[in-house]
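Reader: I have not seen this structure before. Please take me through it in questions and answers.

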Amino acid sequence: MKDFFRKNGLGLLIAALALTGLISIGSVVLPVNPLSNLLGVLATPFRAAATAVVSWGEGVYRYATEYEALRERVHELEVELAELEAANRAATGALEENERLRALLELRESRRDFVFESATVTGRTSTSWEASLTISKGTAHGVEEGDSVITETGALVGVIAEAGLNWSTVTTVTDPDLSVGALVFRTGDSGILEGDLSLMAEERCRLSYLSAEAALVSGDEVLTSGTGGLYPSGLVIGYVEGMYTDPSGLEQYAVLRPAAELSSLTQVFVIKSFEIVE
């Protein structure tokens, strides 16, 4: 039965409308008598059906119109949201840039001997034996092998290992190839900053060759010592996370958390020259 109405519904509707029309005309043309009354009785359900069909059609049209308007409004709201998100990103980026410039200005004021070259981080290499960055400045900008690379706050990122014309590779503080003289600010204990294969994946490094009397605590700040004049003194390397004794039992070392967030750096500063403090 459902299939019958599904297949023949349109034809039946047209027939019902036609019959309703004929009966209506007949009820008007024919005089009021039993036949007219009969026609009126017969016409009533068909008139109701026709009215229902018309109402249904109006409802469908109204729904389609309102749905289309709703779709357009949703699209407008999506566009507005995208614009607001873009504006928020721009504002956040501008705020972060202002904070970087403010920190850099403070660093310039405290270390007037530094000559900086700003660079963008363009690539990262992180394997089980290497941790390095590629930056956007090179020999054409006065950058040379051995130059220290820092953040705007003076945190040591690493050292230029190779300088091309307009690019350079930076060996970071977690790379096993890096070795820098270091000093614990609170206690004055000296040691050597080294990358460590076992710590590199965790973005940690090692302060080796500490004296047997060294008593460092978690949170102690470690700076570059400037010994030998290869690197500036006073750059923040990182913070002590723990003290350990090597397998021989003869040497203490500390695990450091680098002050520079190496995995999220976007901009760095190369120290092209500085005053050597003896």
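Reader: Are Phe116 and Phe269 buried or exposed?

Author: The model is a predicted one. A residue counts as buried when its relative accessible area is under 20%. By that cut-off, Phe116 and Phe269 are both buried.

Reader: What kind of aromatic pair do Phe116 and Phe269 form?

Author: A pair of aromatic rings is described by the distance of the centres and the angle of the planes. For Phe116 and Phe269 the centres lie 6.3 Å apart, with 75° between the planes. Planes over 60 degrees apart fall in one class, so the pair of Phe116 and Phe269 is edge-to-face.

Reader: How many residues apart are Phe116 and Phe269 in the chain?

Author: Phe116 belongs to strand S1, and Phe269 belongs to strand S12, which covers residues 267-273. The pair links distant parts of the chain, and the separation is 153 residues.

Reader: Which residues do ring pairs link into a cluster?

Author: The count of aromatic pairs comes to three. Phe116 and Phe269 form one of these pairs. The cluster linked by ring pairs consists of Phe114, Phe116 and Phe269.

Reader: Which residues does Ser148 touch, not counting residues up to four places away in sequence?

Author: Ser148 is in strand S3, residues 148-150. Its relative accessibility is 3%, which is under 20%, so Ser148 counts as buried. Ser148 touches Leu156, Gly158, Tyr231, Pro232, Leu235, Phe269, Val270 and Ile271.

Reader: Why does Ala260 count as buried?

Author: Ala260 lies in the loop between strand S11 (252-258) and S12. Leaving out residues up to four places away in sequence, Ala260 touches Thr151, Ala155, Leu156 and Val157. Ala260 counts as buried because its relative accessible area is under 20%; the value is 4%.

Reader: How far apart in space are Ala260 and Ile237?

Author: In sequence, Ala260 and Ile237 are 23 residues apart. From C-alpha to C-alpha, the distance in space is 7.8 Å.

Reader: How much space lies in the second largest pocket?

Author: The lining has 13 residues, and those closest to the pocket centre are Thr125, Ser126, Ala131, Glu203 and Leu262. Strand S1 (115-126) and strand S2 (131-135) are the elements that give two or more residues to the lining. By type, the lining divides into five nonpolar, six polar and two charged residues. The space in the second largest pocket is about 170 Å³.

Reader: Where does Glu203 lie, and what is its phi?

Author: Glu203 is in the loop between helix H3 (197-200) and strand S8 (205-210). It is partly exposed, with a relative accessible area of 25%. Although Glu203 is a residue other than glycine, its phi is positive, near 55°.

Reader: What is the phi of Tyr209?

Author: Tyr209 is placed in strand S8. Its relative accessibility is 52%, which is over 50%, so Tyr209 counts as exposed. Tyr209 is not a glycine, yet its phi is positive, about 60°.

Reader: How exposed is Arg124, and what does Arg124 touch?

Author: Arg124 is in strand S1. At 41% relative accessibility, Arg124 counts as partly exposed. Arg124 and Val170 are 46 residues apart in sequence and 9.4 Å apart in space, C-alpha to C-alpha. Not counting residues up to four places away in sequence, Arg124 touches Ser132, Leu133, Leu262, Ser263, Ser264 and Leu265.

Reader: Which ring does the charged end of Arg206 sit over?

Author: The charged end of Arg206 is 3.7 Å from the centre of a ring. That ring belongs to Tyr253.

Reader: How many helices and strands does the protein chain have?

Author: The chain has 278 residues, of which 35% count as buried. Among contacts with a separation of 6 or more, 55% come from residues 24 or more positions apart. The elements of the chain are three helices and 12 strands.

Technical notes: Residues numbered from 1 in each chain as written. Predicted model: local features only at pLDDT ≥ 70, side-chain atom pairs only at ≥ 80, totals over all residues. Heavy atoms only, no water. 1 Å grid on protein atoms, 1.4 Å probe; cavity = no way out; pocket = protein on both sides within 12 Å on 5 of 7 lines; lining within 4 Å. Points joined across faces, edges and corners; volume = space filled by probe spheres on them. Helix = DSSP H or I, 4+ residues; strand = E, 2+ residues; numbered from the N terminus. Nonpolar A, V, L, I, M, F, W, Y, C, P; charged D, E, K, R; others polar. Phe/Tyr/Trp six-rings, centres within 6.5 Å; stacked < 30°, edge-to-face > 60°. Buried < 20%, exposed > 50% of the residue type's maximum accessible area, 1.4 Å probe, protein only. Lys NZ or Arg CZ within 6 Å of the ring centre and 35° of its normal. Contact = heavy atoms within 4.5 Å.
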